[in-house]
Each structure stands twice: as structure tokens, then as C-alpha cells.
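Dear colleague,

Here is the structure for you to keep open while you read the notes that follow. Please look through it in your own viewer first, and then compare it with what I describe below.

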Amino acid sequence: MLLNSGSHPGPMAELGFWKSVSMNLNSIFEQLQTEKVRRVLRFLDRAKSTYTGPFGKLCKEMFMARIQANSNHKFLRALRPWLENMEGELEFEKLPRHFRPIMHTILLIWKGSPYYNSPARLVVVMRELCNTLITKATAYLSGDRVFELIENEQSREAIEMLRTMLRVFGTFKTTYFDYKSKAAIECPENPWRVQNNAIFVRLDAFLERCHDVLDLTQTILQ
């Protein structure tokens with residue numbers, strides 16, 4: 001939902017979302033188990049109220065949603081330490097060491113979870129990972145910093161930092177494709193059938209901008 005709102009959340013938002021949904025639905029479930037609610041339901045049933053059927057259907061849908069939310073929250077908790085390690089990484093060039101543990105955990109979740117194994121769910125968590133990388137990259141080398149380096153006749157440093165960014169992004173995409181291949185082998189009945197553009201639309205646009213700036217900086221240096 002946050003992705004659709006135009007903001008660019010990281011994957012920790014996905015974990016927080018399912019934790020919140022799980023807590024809310026568990027709270028509603030507990031309220032429905034109270035004696036007061038049960039008495040109301042018995043009364044409606046004896047009175048053959050027209051509300052009995054729709055309310056029962058709503059409860060059934062809520063129970064199923066609760067099971068799904070609790071399951072997703074349980075499986076996604078396995079990602080938290082790896083995501084925290086990546087978000088806490090202070091050296092941009094060392095980000096790739098976090099990619100494989102994260103992708104491996106995502107594949108394990110895909111294989112083990114009864115609900116968090118659909119293309120829609122994979123797209124969400126991957127796009128949020130891309131958001132985190134972009135945030136890290138802009139902190140590492142902002143547009144203003146690039147032109148500051150150029151003005152100070154440090155174009156070579158700017159070029160090297162831009163190349164570092166491109167290497168990190170390239171490693172991330174390569175790691176994803178490696179695990180997409182693994183999913184096809186290990187989950188032949190449910191591979192990662194997701195169009196690349198659905199996942200990398202924002203990251204690829206950012207990469208294109210980085211290439212443009214790199215070309216500009218190299219031209220200035222020459």
C-alpha cells in the first residue's frame with residue numbers, strides 16, 4: 001500500500017505492515033470470543049435475523065485473513081536481522097555482502113510459507129529492497145556532491161564513486177537472477193514468474209541517470 005501511495009519504503013515497512021495487521025486481527029478475534037459477543041450471536045440466531053448470514057461470512061473472512069497475517073508475520077521475521085544488517089551498513093561498497101543472505105532467506109520463505117509465495121508479494125519486497133539501495137546510494141554520492149567534486153577538480157573521485165554505485169547495483173541484480181534460477185529448479189511448480197521491469201522499474205531509472213552522470217563527468221575530465 002505504501003508503494004502505491006507514491007512513497008518509497010524499504011522492506012522493513014513490509015515487516016511492520018504484517019506485524020500490525022496480525023496484531024489487529026488477533027485483537028478482533030479475541031473480542032469475538034468474549035461471552036458478550038457470543039450472547040448477541042445466539043440471540044440473532046434464535047431470532048433468525050437477516051444479519052446472521054452476512055455477519056458469519058464476515059467472521060469467516062476475518063478468520064482466514066488472521067491466519068494469513070499471522071503466517072506472513074512469522075515467516076518475515078526471519079528477514080529482520082539481515083535487513084537490519086544491510087540498513088546499518090555504513091560502507092556503501094560493502095553492501096553486496098548482505099545480498100545473498102537476504103535473497104536466500106526470501107527463497108526459503110517462498111518455499112516454506114503457504115501465503116507469502118506469490119508474484120505480488122515478491123514484487124513488493126524486491127521493490128522495497130531497491131528503494132533501500134537507492135537511499136543508500138544517494139547518501140553515498142548525491143547529485144550535489146558530484147558537481148562539488150567536479151568544481152573542485154576531483155572528477156576522478158566522482159567517476160570512481162559512480163562506478164562503485166554501478167557495481168553494487170549490478171551485483172544486486174545478478175544476485176536476484178541467481179536466486180530466480182534457483183527458484184525455478186527448487187520450486188518448479190511455483191517459480192518466480194515475475195517480469196523484471198515490475199521489480200527494477202525504479203532502480204533501472206536510477207541506473208540510467210547514474211550512467212548519464214558518469215558519461216558527463218568523464219567528458220569533463222577529458
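**A tryptophan and its surroundings**

W18 is buried, with a relative accessible area of 8%, where buried means under 20% relative accessible area and exposed over 50%, with partly exposed in between (1.4 Å probe, protein chains only). This is a predicted model, in which local features need pLDDT of at least 70 and side-chain atom pairs count only at pLDDT 80 or more, while totals for chains, interfaces and linings use all residues. Residues are numbered from 1 along each chain as its sequence is written, and side-chain values use heavy atoms, with hydrogens and water left out.

W18 sits in helix 1 (residues 11-32); helices here are DSSP runs (H or I, at least four residues), numbered from the N terminus. Leaving aside its neighbours within four places in sequence, W18 is in contact (heavy atoms within 4.5 Å) with Q68, A69, N72, H73, L76, Y116 and R121. W18 and K74 lie 56 residues apart in sequence, and their C-alpha atoms are 9.1 Å apart in space.

**The nonpolar core**

The largest nonpolar core has 57 residues, of which I106, L122, M126, M165, F172, Y176 and W192 touch the most other members; such a core is a set of buried Ala, Val, Leu, Ile, Met, Phe, Trp, Tyr and Cys residues joined through side-chain atoms within 4.5 Å. Helix 8 gives the most to this core, with twelve residues. M165, when its neighbours within four places in sequence are left aside, is in contact with F92, A137, Y140, L141, F206 and C210.

**Helix 7**

In helix 7 (residues 143-151) the buried residues are V146, L149 and I150. These cover an arc of only 100° around the axis, which puts them on the same side of helix 7, the arc being that of the directions from the helix axis to the C-beta atoms. The face turned away from this buried side carries the exposed residues D144 and E151, whereas what covers the buried residues includes helix 8 (155-186) and helix 9 (196-221). Just after helix 7, E153 takes a positive phi of about 60°.

With kind regards

Key:
Helix = DSSP H or I, 4+ residues; strand = E, 2+ residues; numbered from the N terminus.
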